[in-house]
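Visitor: I would like to learn how to read a protein model, one feature after another. Could we look at one together?

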Amino acid sequence: EPFPIEFIGSVIKGFGRGSKELGIPTANVSPRVIPRALQEMLSGVYFGWARVINDRKEDSEVFPMCMSLGYNPFYNNKTRSAEVHIMHKFEDDFYGKELRAVVLGFIRTEQDYPGLDELIQDIQTDIMVTERSLAREAYQSYKYDDFLLK
Ligand code: ADP
Ligand code: MG
């Protein structure tokens, strides 16, 4: 098992496909800084912890996250793109900020959906799985990982 996998990236603009309007914003992380370990991982949804380096203290803590990892046509299908949904209500957007993450487990492979409702339902399931998984003692300790708090 490759976990935990740690990475740092800067948050870039995505396609603005309206994830935020659905209540599930995904911070797109610049693919340049995605480590080799992530490049070799299966496409799909993962869970772990994330932190955004932010001026506002309340928004700079370590929070649960789920991450979708896939090939992005924008980058010629050769590079992975990672999109991270953080389970916290942020005061402001954080484009350009540094995001640190520890990936701890795999939830599911990528799916095609007949419609938006099915997609949203599956994401709600991902969020529930993330919260329940991270509640386990073995995963709790990673919340205080030096890497995240640096
Ligand atoms: P984009 O297509 O630019 O990625 P999204 O609709 O997916 O737009 O929204 C993502 C942006 O929303 C992030 O880059 C970040 O600045 C902001 N954001 C606010 N709250 C969150 C959150 N809880 N998780 C992830 N991103 C968030
Ligand atoms: Mg996004």
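Visitor: Which residue stands opposite Val103 in β6?

Guide: Ile5 stands opposite Val103. Before going on, please note that this is a predicted model, in which local features need pLDDT of at least 70, side-chain atom pairs count only at pLDDT 80 or more, and totals for chains, interfaces and linings use all residues. Residues are numbered from 1 along each chain as its sequence is written, while chains are lettered from A and ligands numbered from 1 in the order in which they are written.

Visitor: How many helices and strands does the chain have?

Guide: Helices (H or I, at least four residues) and strands (E, at least two) are DSSP runs, numbered from the N terminus. The chain has four helices and six strands, and along the sequence they follow the pattern β-β-α-β-β-β-β-α-α-α.

Visitor: In which order do the strands close into a barrel?

Guide: Two strands pair if DSSP finds at least two bridges between them. Here the six strands close in the order β1-β2-β5-β4-β3-β6, with antiparallel pairing, and the twist from one strand to the next averages 45°. That angle is taken between N-to-C directions, on a scale from 0 to 180 degrees, using axes that are lines fitted to C-alpha atoms, for helices over the stretch in contact. Helix α2 (residues 116–134) packs on the sheet, where it touches β3, β4 (62–71) and β6, and its direction makes about 130° with that of β4.

Visitor: How many bridges join β3 to β6?

Guide: Eight bridges join strand β3 (residues 44–52) to strand β6 (residues 98–108), and the two run antiparallel. Within this pairing, Phe47 has Gly105 as its bridge partner, and Val45 has Arg108. On β6 there is also the pairing with strand β1 (residues 5–12), which is antiparallel over six bridges.

Visitor: Is Gly105 buried or partly exposed?

Guide: A residue is buried if 20 or more other C-beta atoms lie within 10 Å of its own, exposed if 12 or fewer, and partly exposed in between, with C-beta atoms placed from the backbone. Gly105 is partly exposed, because 16 other C-beta atoms lie within 10 Å. Two residues are in contact if their C-beta atoms, placed from the backbone, lie within 7 Å, and, leaving aside neighbours within four places in sequence, Gly105 is in contact with Phe3, Tyr46, Phe47 and Ser133.

Visitor: Which residues have the most contacts inside the largest nonpolar core?

Guide: In soluble globular proteins, nonpolar side chains tend to be buried together. A nonpolar core is a set of buried Ala, Val, Leu, Ile, Met, Phe, Trp, Tyr and Cys residues joined through C-beta atoms within 7 Å. The largest one here has 27 residues, and those with the most contacts inside it are Met65, Met67, Val84 and Ala101. Strand β3 gives the most to this core, with six residues. Not counting residues up to four places away in sequence, Ala101 touches Phe7, Gly48, Trp49, Ala50, Met65, Met67 and Val84.

Visitor: What radius of gyration does the chain have?

Guide: The radius of gyration is taken over C-alpha atoms, and the globule rule is 2.2 Å times the number of residues to the power 0.38. With 150 residues, a compact globule would have a value near 15 Å, and the chain has 14 Å, which agrees. Buried residues make up 25% of the 150 residues.
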